Each structure stands twice: as structure tokens, then as C-alpha cells.
Amino acid sequence: MAAKADRRTPLVVVGDALLDRDLSGSADRLAPDAPVPVVSECAERIRPGGAALAAYLAARDGREVTLITGVGDDPAGRALRELLDPWLTLVPLPLTGTVPEKTRVLAQDRPVVRLDRGGGRVRGATDEARDALRSARAVLVSDYGRGAADALRDVLAARPPLVWDPHPRGGPPVPGTRLVTPAEKEAHALAPSPDHPGGGLRAAALAAAALVRDWRAAAVAVTLGPRGALLSYGEHPLLVPAPAAHHGDACGAGDRFAATAAGLLADGALVGEAVEGAVGAATAFVAAGGAAAVPPADSGQAPASPPDTDDPGALAARVRAGHGTVVAAGGCFDLLHAGHVGLLQAARRLGDCLVVCVNSDASVRRRKGGGRPVNPLADRVRVLRALACVDAVAVFDEDTPERLLGDLRPDVWVKGGDYAGADLPEAALLQEWGGQAVLLPYLDGRSSTALLARAAEGAR
């Protein structure tokens, strides 16, 4: 194999491989004969899909991977073999029909339509596949309901896998599986809750508990998209939140979650640790562009690390690249109060992301005096990051944020209305790149100084 594996535990992936194709272009008009967009200048890219994507991602993580899947000698099967060959060991299962293909047409990186063809199903197991599975140190089942897991169910039942990523059209996980990872919709379909037909966390918790019992699994983690994952051992579920919310292309995020969880469990992590790591990996995967941003198979290097989901510079660059508006706001934010929150919420509505520029402790002391800040920088940053309207936090140590603003180059710079009547020192700087400095009003009578005064009065 061309991919170099490190000391991570080898992984065997059993499941149904797909060939995914993206046709990406732009659309600025409707067709004259029907109210549908005309997508022009399409660029085509193919990549592994389904179980093949999970295996490919694990291999690109630096893990030795064996993929047991149905693949034939049809054009899609040959293309899939070519994509996977440099990265992992393929153990083919006989296939009736052709490898399923899923083609997405995207305009401005947003899906317009998906075209599916090829209904191939695995028609049986082979001795080679059984031997590979019996000798595996760690197993991930990526079931897309096309027969691979069912063909090897007897071997899997004798040696339950670490992770089973289920599909409503597939069979149930074998008893004793350590972690099952249905998506929220899949969990509701597999264990519907008549008491909570509309979904939500309560319905997800009930479904997860029911699936733990019905499947006799050690644990079930229901993936919730940008909300994270709900981990259940049968009762009292643990919500593992996503480190940041991203609403980009989530295609392939479930495969990234399952591959990461299986790898971490194989390397000795506890189930809770594996789910937390998988949530972080899936979040970063979506932030980096989803499956469409996975490095091509002919790229000989490991993929570039996904951007830090709270890296202000990377965030601003991504928003600008998508022709969005970058908003920045600044202040000490020592004792966060309703005036601060109102200002930041209003600032976020002005654009597509909000970066808060906050003074360091030394900077606050120079401005406010020796008794400030009341809350140290780490606490102030953590509170700001917890606000839904804040996308990233940047810290500056100087008396003004001009150097930081020069790096971020926001389109809009926001200050509180208590600066009214005075010049905004950053306004001229913003003009250098066509940005605009604006004032937003604080709620009347709210300030950190006033809060401290009232607290001191109360203490007396």
C-alpha cells in the first residue's frame, strides 16, 4: 500500500461501498422550458462513498485498513477500485448488479438534485472475507442496507464489532456490539416514539434507550448534526455537544463520525471518549467542506488539517471566500451583562459571522486600573464563546485592536453606543480595505462599572 500506517490499531471495515460523484457549477438563471436552474461550467469529481468513504477516511488518518465490500467489474466498480487501491486492502464480495452510484449536482456549492443508479447487492460471503474478519483486531460495520453485513452476520455475531453504523434498510446490529451510531432520523425510524412524534432530544433519548434494549448493544450514540450526539447506555443519556455549529455540507459526516469512533475505541478509548472525539472530528469535517473537500485519492499526502473551528482568521477567510460579510466587535467584556449581549446579538445580525475582539488582562488593567479585570481572560473568553451569536473570539494585548483588525480585515466593526460623540479610532483603518465602523446602542444603564458599584453597595 502507498499509504503509510503508524502504530494505530488496524481496522477492518465491513459494509456497502458506493461511488459518489459531484458535478459542481454555478447557476444564475432558470431554464426557458421549465422553472429549474441551469447549472453551467460543471466540474466533475468522483470519490468513495458509503462504507468505502468510512474506510478511506480511516486510512487517510494513518491507519491500516481492510475493506470488505461488494464490488464488481462494472465501470463504477473499476473506478472505485482505482480510488481505493493506494490506500487500503480491498477484499471483494460478489455483487449482483452494479456498484451503486450517487451523483449530486451542485450550484454555488449547494445541492440542486441527486441522481442515483446501480442497485447492486452482495449475494454472499467468501472464505477470504471470513478469514479477514476472524483475524481482525477491530471491526467497523458500515451498513447501507445492500447486503454486506447480512452476508457475514454469523462471523460478526461470533465476534461483535466495535461500531455498527446502521441503515433502516439493513438488518439490526449483532448483539454485543459496543457502540451503534444511528443518525437522528434513523433512530426515530428504527424506534418510533408515539409520545414524541415531532422528535427533539426527549424523542432521541427514548429511541436510543429502546435501541440499546432491542439490539442488546452496549451503547447507542444518536448523532444530532450541529447539536452533537446523544450517548445512551439504556438510561440517563449523555449529551456530547458539538464544539461549534456549522451548517455547511454535511455529506459524509456520519461516516467521519463512525470511522473516528471505531478508531478511538480500537486504540483503547472509553466509549464516552470515543463519542466526544467523533463529534469533534465530524464537526471539523463539516467545517472543512464535508465529503466534497476530502483530498482526492491520487493525493499522496495526508489531508491538510481542517481549520480550527474557533480560529478567527480561518473563519474570516472562509466567510470572505464565500462572499459573506465578516463582522467584528470589541471590548473588555469583564462582567458580561444584558447590554453586552444585546450589542453582540445586534452585531451578529449585520453579517455572516461575528468575531469578538477582547482585551487581554494586561490591556484591561491599563485601561480600567489595578482592580480590573474582575474575571480573568480565560473565563471571559469561555463565556463569550458560549453565546450563540459569537462565532469566534480573538484576543489583543495592545491598548487598541488595530493590529488585530488589520489581520482580520472585517467588513463591519462594531462598538457600543457609549462611544457616541467621540471619534472611533479604528474608523480610518477600516476604510483601508473598504470596511465600515458603526456604533450600536447599549441598553440604557447597563455597564460593568455600574454592576461593580451595586455589588459593593450591597456588600456594605
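**Backbone, helices and surface of the predicted model**

Arg409 has a relative accessible area of 39% and is therefore partly exposed (buried is under 20% relative accessible area, exposed over 50%, and partly exposed in between, with a 1.4 Å probe and protein chains only). The structure is a predicted model, in which local features need pLDDT of at least 70 and side-chain atom pairs count only at pLDDT 80 or more, while totals for chains, interfaces and linings use all residues. Residues are numbered from 1 along each chain as its sequence is written, and side-chain values use heavy atoms, with hydrogens and water left out.

Arg409 is placed in the loop between helix 14 (402-408) and strand 19 (412-416) (helices, H or I of at least four residues, and strands, E of at least two, are DSSP runs numbered from the N terminus). Although Arg409 is not a glycine, its phi is positive, at about 50°. Most residues other than glycine have a negative phi. Arg216 also has a positive phi without being glycine, with a value near 55°. The loop that holds Arg216 runs between helix 7 (201-215) and strand 13 (220-223). Arg216 counts as exposed because its relative accessibility is 60%.

The protein contains 16 helices and 20 strands. Of its 460 residues, 49% count as buried. The accessible surface comes to about 21500 Å², and carbon and sulfur atoms account for 52% of that area (Shrake-Rupley method with a 1.4 Å probe; for residues, only the protein chains shown count as cover). Among contacts between residues at least 6 apart in sequence, 65% join residues at least 24 apart (contact means heavy atoms within 4.5 Å).

Helix 1 (residues 51-60) is mostly covered, with 10 of its 10 residues buried. The buried residues of helix 1 include Leu53, Tyr56, Leu57 and Arg60. Gly62 follows helix 1 and has a positive phi near 100°.

Among the buried residues of helix 9 are Val271, Val275, Val279, Thr283, Phe285 and Val286. Just after helix 9, Gly289 takes a positive phi of about 120°.

The loop between helix 9 and helix 10 (312-321) contains Ala292. With a relative accessible area of 31%, Ala292 is partly exposed. Apart from residues up to four places away in sequence, Ala292 touches Asp22, Arg45, Arg47, Arg104 and Asp249. Ala292 and Asp249 are 43 residues apart along the chain, and their C-alpha atoms are separated by 8.0 Å.

Val112, Val113 and Leu115 make a nonpolar surface patch of about 230 Å². Patches are made of residues with over 30% relative accessible area and no salt bridge, like charges being joined within 9 Å and nonpolar side chains (Val, Leu, Ile, Met, Phe, Trp, Tyr) within 5 Å; a salt bridge is a side-chain nitrogen of Lys or Arg within 4 Å of a carboxyl oxygen of Asp or Glu. Val113 belongs to strand 8 (residues 110-117) and is partly exposed, at 40% relative accessibility.

The count of disulfides is zero (a disulfide is a pair of cysteine sulfur atoms within 2.5 Å). Cys251 is partly exposed, at 23% relative accessibility, whereas Cys332 is buried, with a relative accessible area of 8%.
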